[in-house]
Amino acid sequence: MDCKDCKELIGRYLADALDEMQTGELRAHIAHCEDCAREEAQLRQLIFDLGALGEDIRAPESLMQGVREAILHDKAPAKAKRSRRSWSSWRIAGAAAAAVAVVLLSGTLVLGALGSGLGAGASQAATAGSSDGYAADDAYVEKSMLAPAAAPEPTFMAAAEVPAEEGESASVTADSAMRDTGAGSGDAVTSSNSQAQSTGEEYGLKIIRTAEVYVHSDNFDEDRDAITALVQELGGYITSQHASGTALEPGENGYGRSLSLTVRIPSDSLDAFLSQSEGVGVVQESSIYEEDVTDQYFDTERRLEGYQTQYDRILALMDKAETVDELISIESELNRIYYQIESLTGSLQSWDARVNYSTVYYNLEEVRRASPVSLTLWERMQVSLQNTWDSIVLGSQNFVVWLYGALPALGLLLVLAGVAGLTVALCLRRHRRRAKAPKEEEPADGDKRKR
Amino acid sequence: METDALLVRRAASGDADAFEALVQASQHRIYALCLRMTGSPQDAQDLAQEALLRIYRSLSSFREQANFDTWAYRIATNACIDELRRRKRSELLSMEALQEAGHELPSQAPCPEEAAIRRENLEELQRAILQLPADQRAAVVLRDVQGLSYEQVANALDLNLNTVKSRICRGRQRLQGILSQHRNNCAKLSSNG
């Protein structure tokens, strides 16, 4: 490996896009190449700095004010108007895109007609193109594979039920509902503490754990079922899944299907999940992130208490209100506070849910032969030999397929070659005849020139 | 989430309070995204406002079993990308004009002193981000600045995982290139002067 390749590979390595062979080679090169080690360090520094750019940004208060005004007056802000003005340029762009698509499509069709082998490539390109559009209104659908109604978040559900039933009724019921909600969220906190096993929770810390796992599988269907069963066994559930790609054809190398799962696992079972999932496929990368939300959590809890006190005080004012105007303004103030309370309670519940249930992003990718990340020299030689053999087998199969598909064209070529051969042969014969003839006709030629 | 579902229903019927409560937490993340994508607080505010309005207007298409924040964030990301594409032409024109006029874009930024403070480096980094094409910019900002997982970035951009990884990879390398070019220019300037 030279340093130029290495630079490219470092980038892909840090984007989790290298296979195990390349990773092994890269690490081996970096171990004794100072330049490339520096390259890696610089890229890591860049990623670190980018992270710092995201810290401590709060939206200005005027943002929500602007949104509120736009909603209340139901008028689009300046930016939205601008988009309407540039509609004509969009139309032109659309027409251009359509034209390009037509050219591409007809090109593909022509190519497809020329060689049946190209068909597969064209259909792949079509799939890739269709996934590229950005549809704003196309909601991100989270499919619950395991019955969502039985989603094991009992504390959170119990607390959330009350405001859902309550709706927009009089403020007295709102008050009692709110107290219930308060009691509910209190319960949630207690039970989350009793449920939690991790050391952080023992000290009352609120820690959200998130894991990311990348797995190669050479037995995709079985591994997919195994991981689904493991999730169920540990009391977890799958909140979303995204499948893409097509199954590997026999003898085909590279990547086949891929499955990305978002899994919620009770946090005390996260370690069990990660260790037991090592038996499924070959884990390429596994990482855990911890986010400490203790400060925000208790800060929110204090703000919630503040709002609740305020709510009670204003509610008491209602008895003293004498005019309808006073009643209306008190009620609207109560409404405002109620939404704040609801929002803060929601945040607390969401934190509880995320603390109690860790999220795992589980990615399963189908490969021809899954091999562990750290290979011995012998294993690498074997893998390499096997890959070469596979390519030879695949190559010859492809050749036979191509040959079969190209038979009509080859037949045509054969006919053309025959015709050409005949023509050449005829020409040659005529030349030879002429070559013999001139000796007899020479005197006649000589006469002509003299004249 | 039950509370979200309730708030969504109220907000969808035109209740601004409910909408405010709904986006209470995510507005900061959305604003941060817009800020890093555009590099200017004023533009970020305009863009975030448009994104929030787009979320508001799309409420009817929100499916209750989905996570509201994820859904809202995805719409905001799309709004950012649309806006950048919309601007792309004029932006590119102005950049080309500057370059033709003999301006090396990166060197317009002030060169940091030897003991450059971190903040200057970050500003320089933000300027470099603005030179990335919209697609790469979105992927890098979502992953490295906003700290989403590759999977989440793929969801937000509606792309497959491998495409996202390669965009992030190319984006980072381009950033690295822009920054090192800028530092070389600075080194030349300081050795000449």
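## A sheet, some helix pairs and the confidence

Let's start with a strand pair: β3 (residues 255-266) and β5 (residues 357-367), both of chain A, run antiparallel to each other and are joined over 10 bridges. If you want a spot to look at in that pair, P266(A) sits opposite Y357(A) of β5(A). Bear in mind that this is a predicted model.

Where do β3 and β5 belong in chain A? They are part of an open sheet of 5 strands, ordered β2-β3-β5-β1-β4, with mixed pairing. At the edges you'll find β2 (237-244) and β4 (282-292) of chain A, each pairing on one side only. From one strand to the next, the twist averages 10 degrees. As for what holds such things together, strands of a sheet pair through backbone hydrogen bonds, and they can be parallel or antiparallel.

Now for the helices. Two packed helices are described by the angle between their axes and the distance between the axes.

| Helix pair | Crossing angle | Axis distance |
|---|---|---|
| α1 (residues 3-14) and α2 (residues 20-32) of chain A | about 120 degrees | 10 Å apart |
| α15 (residues 377-405) and α16 (residues 407-436) of chain A | roughly 60 degrees | within 5 Å |
| α3 (residues 26-38) and α4 (residues 41-57) of chain B | roughly 135 degrees | within 8 Å |

Take the chain B pair. At that angle of roughly 135 degrees, α3(B) is oblique to α4(B). The crossing in which α3(B) passes α4(B) is right-handed. On the α3(B) side, the contact uses I30(B), Y31(B), C34(B), L35(B) and T38(B). The α4(B) side brings in a list that includes P41(B), D43(B), Q45(B), L47(B) and I55(B). Sorted by class, the contact between α3(B) and α4(B) has 11 nonpolar, 2 polar and 1 charged residues.

Back in chain A, α1(A) and α2(A) pack at about 120 degrees, and they are therefore oblique to each other. Here α1(A) passes α2(A) in a left-handed crossing. The residues that α1(A) puts into the contact are C3(A), C6(A), L9(A), I10(A), R12(A) and Y13(A). Facing them from α2(A) are Q22(A), T23(A), L26(A), R27(A), H29(A) and I30(A). By class, that contact of α1(A) with α2(A) counts 7 nonpolar, 3 polar and 2 charged residues.

What about α15(A) and α16(A)? With their axes crossing at roughly 60 degrees, α15(A) is oblique to α16(A). The contact is made by L403(A), Y404(A) and G405(A) from α15(A), together with L407(A), P408(A) and L410(A) from α16(A). That contact has 5 nonpolar residues, 1 polar one and no charged ones.

Finally, a word on confidence. Chain A has an average pLDDT of 72, with 66% of its residues scoring at least 70.

For chain B, the mean pLDDT is 79, and 80% of its residues reach 70 or more. Its residues 92-108 have a pLDDT below 50, and that stretch has 14 contacts beyond near neighbours in sequence.

Definitions and conventions:
Residues numbered from 1 in each chain as written. Chains lettered and ligands numbered in written order. Predicted model: local features only at pLDDT ≥ 70, side-chain atom pairs only at ≥ 80, totals over all residues. Heavy atoms only, no water. Pairing = 2+ DSSP bridges. Helix = DSSP H or I, 4+ residues; strand = E, 2+ residues; numbered from the N terminus. Axes fitted to C-alpha atoms, helices over the stretch in contact; angles between N-to-C directions. pLDDT = per-residue confidence, 0-100. Parallel < 35°, antiparallel > 145°, perpendicular 65-115°, else oblique. Left-handed = near helix turned anticlockwise from the far one by under 90°. Contact = heavy atoms within 4.5 Å. Nonpolar A, V, L, I, M, F, W, Y, C, P; charged D, E, K, R; others polar.
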